[in-house]
Amino acid sequence: KAAVINNINWVELGPKNCGGRTRAVCIDLNDVSRKTVFLGSVGGGLWKTSDITLVEPIWQPVNDFFGNIAITSIAQDPLNKQNLYFATGEGYGNGDAVRGLGIWKSADGGTTWSQLSATNNSNFYYNQKVLVSATGTVFVASYAGLFRSTNGGVSFTKVLGAGLASGAVNNFCYDVEIAADGAVYASLRGSVHKSTDGGVTWAAALPIGITASRIEIALAPNDANYVYVLCESANAVNGIALSIDGGVSFTAKTEPVDADSGTPATDFSRGQAWYNLTIAVDPN
């Protein structure tokens, strides 16, 4: 790297004994100490440690023989913490991506897993995210649209994408997030949409004011009015916008300058915003 960030020291926690990129993290809510953590590698499967606080956490593969080990996202049901889900298939177009084959579910706290048969099809080859609402509704952001299940994954319905009532013209769903008031936001290629009825129906594209392809969403956990969008266009970060009225209007924000002097001030993704793109809101 070209520069060192002052007063920041990083310690590798692993998993160190597997290949591939780790993109999914889930802190197990069944462990009151919050020391148990699941990790998903987009080429190396599902891993677990029972104590993330150790200097050298011990990581174990949960199962090396899943039908697909290209894990992109992990989610736990807040209504029934025994139910966990992981999604497979990295869909950003990178050369080292592995095609997925649906969503897997555990009903015993992550001990055993099985593929959801409703996702064993081409709609679920590339899944960017799986998310579970406070009522147990499961959402999957897939390259074929946003899918929703109210029966624990037994069946799924496409609720957002081309050809549906929202007026969306694209199917590729990048992100789905749930606000503090239960509203659901999702991004398709070039547009952001909102649902106020638990994901059943979706409004037309929100006025984010930025030309974009991939869009990542971040919601303030303590204020449902705050909605951030981080946008990519032509492989670069093309803007950040904030809404303080629940998506009714957005204001452009200044892109941060990376602390690394080797990174262009106009694009902290180094021309890889199609892949290197994430945003979160401070819990406070």
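Two strands are said to pair if DSSP finds at least two bridges between them. The legends below describe close-up views of a predicted model.

**View 1. An open sheet is built from three strands.** The strands follow the order E13-E14-E15, and their pairing is antiparallel. Strand E13 (173-178) and strand E15 (191-195) form the edges, as each of them pairs on one side only. On average, neighbouring strands of this sheet are turned by 15° against each other, direction ignored. Strands of a sheet pair through backbone hydrogen bonds, in either a parallel or an antiparallel manner.

**View 2. Strand E13 lies in antiparallel pairing with strand E14.** Five bridges connect E13 with strand E14 (residues 184-188). Within this part of the model, the residue opposite Ile 178 is Val 184 in E14.

**View 3. The largest nonpolar core contains 17 residues.** Tyr 185 and Val 229 have the most contacts inside this core. Strand E16 (215-219) and strand E17 (227-233) are the elements that give two or more residues to the core. In soluble globular proteins, nonpolar side chains tend to be buried together.

View 4. Is Asn 83 buried or exposed? Asn 83 counts as buried because its relative accessible area is 11%, and buried means under 20%. Leaving out residues up to four places away in sequence, Asn 83 touches Ala 75, Gln 76 and Asp 77, as well as Lys 105, Ser 106 and Ala 107.

**View 5. Strand E7 pairs with strand E6 and with strand E8.** E6 and E7 run antiparallel and are joined by four bridges. In this pairing, Phe 86 stands opposite Trp 104 in E7. E7 also pairs in the antiparallel sense with strand E8 (residues 114-115), over two bridges. There, Lys 105 stands opposite Ser 114 in E8.

**View 6. The side chains of strand E7 point two ways.** From strand E7 (residues 103-106), Ile 103 and Lys 105 point one way, while Trp 104 and Ser 106 point the other way. All of these residues are buried.

How values were computed:
Residues are numbered from 1 along each chain as its sequence is written. This is a predicted model: local features need pLDDT of at least 70, side-chain atom pairs count only at pLDDT 80 or more; totals for chains, interfaces and linings use all residues. Side-chain values use heavy atoms; hydrogens and water are left out. Axes are lines fitted to C-alpha atoms, for helices over the stretch in contact, and angles run from 0 to 180 degrees between N-to-C directions. A nonpolar core is a set of buried Ala, Val, Leu, Ile, Met, Phe, Trp, Tyr and Cys residues joined through side-chain atoms within 4.5 Å. Buried means under 20% relative accessible area, exposed over 50%, partly exposed in between (1.4 Å probe, protein chains only). Contact means heavy atoms within 4.5 Å.
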